[in-house]
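This report covers the pockets, sheets and helix packing of one model. The structure is shown first.

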Amino acid sequence: IAVGHRVGHGGDRFSEATIITDEVKQVIEKFVPLAPLHNPPNLEGIAVAEEVFPNAKQVAVFDTAFHQSMPAEAYRYAIPDRLYQDNKLRAYGMHGTSHQYVSKQAERYLGLNKDSLNAITIHLGNGCSMAAIKNGKSIDTSMGLSPLPGLIMGTRSGDIDPAIIFYLANNLDMSVKEIDQLLNKESGLKGIAGNNDMRSIVSRVEQQDAQARLAIDMYCYRIKKFIGAYLAVIGKADALIFTAGVGENSPLVRQEACKGLEHLGIQLNAAKNQQKKSSIQEIQDTGSQLKILVVPTNEELSIAEQAYALIS
């Protein structure tokens, strides 16, 4: 009846699930330069699905869609206006399907009215991003034009001084392609610890490995900075939400990311944090003003639900 496709980048054209037409495919193609690792295989998947399921409706669910509610002051860059008007250079964000899913799950779990959740969602996998959720909508997110900025990730650098790029080109004679490879494939946890497998890095921390410890400290420090920034723009928040592979499965990362945030009303319970559940889990201490939740993400289910709702 229908095939739901996860599509990496839809720019500012799509804020919800969309029936795939030739025009939609052209837009996905247009945004290939902004998501070169995502949009081409997404288009290939659509082409194959059209052959295998010729009578089904093809539905695109965009990773960027949930963040289209961001205000201009959050998504614009302080570069010449023409680059936004002519080339659409702005922040779009990613992982929107996951951020939307876990925020809605948390909203229901907490018994809140629809679109009333104020929270910070923290998606930690090999790719990592955070979102500030106000009244159920994304008002800011850590990824930008591409999936490269923001948090430290498995192999991506996250935020750096842009002048580093000029230094690499001018002083180390690196090409644009080499710099792209360096920042996207050789940086992040891999760049610091030589490995982008969080389980391996945590194991090395337990063995007093200094480089692994540095990688964890940097990784969690960046998360902590975004928590502070997003609390500033949200105001009073209901919850801090950890999700995805690392967020759901690494007590050490959750512990270090929340450490020292008691003055912001965030207080982790060490014993609860060590427990592992397959459902939504509360890990805050009794004195915590914010709920600290571990919410398993399910992007496949979210895509299916959105596709079903659209064709119905």
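## Terms and basis

The model is predicted: local features need pLDDT of at least 70, side-chain atom pairs count only at pLDDT 80 or more, and totals for chains, interfaces and linings use all residues. Residues are numbered from 1 along each chain as its sequence is written, and side-chain values use heavy atoms, with hydrogens and water left out.

## Second largest pocket

The second largest pocket holds about 540 Å³ of space. A pocket here is an open set of points on a 1 Å grid over the protein atoms alone, where a 1.4 Å probe fits, with protein on both sides within 12 Å along at least five of seven lines; lining residues have an atom within 4 Å of a point. Grid points are joined across faces, edges and corners, and the volume is the space filled by probe spheres set on the points.

The lining of this second largest pocket consists of 24 residues, and Phe 66, Gln 100, Lys 104, Asp 115 and Gly 136 lie nearest its centre. Two or more lining residues come from each of strand 3 (57-62), helix 5 (96-109), strand 6 and helix 14 (299-311). Helices (H or I, at least four residues) and strands (E, at least two) are DSSP runs, numbered from the N terminus. Helix 5 gives the most to this lining, with seven residues. By class, the lining of the second largest pocket has six nonpolar, eleven polar and seven charged residues.

## Helix 5 and helix 14

The axes of helix 5 and helix 14 cross at roughly 85° and come within 9 Å. Helix 5 is therefore roughly perpendicular to helix 14, a label for angles of 65 to 115 degrees. Axes are lines fitted to C-alpha atoms, for helices over the stretch in contact, and angles run from 0 to 180 degrees between N-to-C directions.

On the helix 5 side, Thr 97, Ser 98, Gln 100 and Tyr 101 meet Glu 299, Leu 301, Ser 302, Ile 303 and Gln 306 of helix 14. Contact means heavy atoms within 4.5 Å. The contact of helix 5 with helix 14 has three nonpolar, five polar and one charged residues.

## Largest pocket

The largest pocket has a volume of about 1200 Å³. Its lining has 44 residues, and Leu 145, Ser 146, Pro 147, Leu 148 and Pro 149 are the closest to its centre.

Helix 3 (72-75), strand 6 (137-141), helix 6 (163-171) and helix 7 (176-185) each supply at least two lining residues of the largest pocket. The largest share, eight residues, is from helix 7. The lining of the largest pocket divides into 26 nonpolar, ten polar and eight charged residues.

Three strands form an open sheet in the order 1-3-2, with mixed pairing. Strands pair if DSSP finds at least two bridges between them. Strand 1 (2-7) and strand 2 (18-19) are the edge strands, each pairing on one side only. Strand 2 pairs with strand 3 in the antiparallel sense over two bridges, and Ile 19 stands opposite Val 59 in strand 3. Helix 2 (residues 39-52) packs on this sheet and touches strand 1 and strand 3, its direction making about 170° with that of strand 1.

A six-stranded open sheet has the order 6-5-4-7-9-8 and mixed pairing. Strand 6 and strand 8 (281-282) stand at its edges with a single partner strand each, so one side of each has no neighbour in the sheet. Strand 4 (residues 119-124) and strand 5 (residues 128-134) pair in the antiparallel sense over six bridges, with Ile 120 opposite Ala 132 in strand 5. Helix 10 (residues 210-234) lies across strand 4, strand 5, strand 6 and strand 7 (239-243), and runs at about 15° to strand 5.

Definitions and conventions. Nonpolar A, V, L, I, M, F, W, Y, C, P; charged D, E, K, R; others polar. Parallel < 35°, antiparallel > 145°, perpendicular 65-115°, else oblique.
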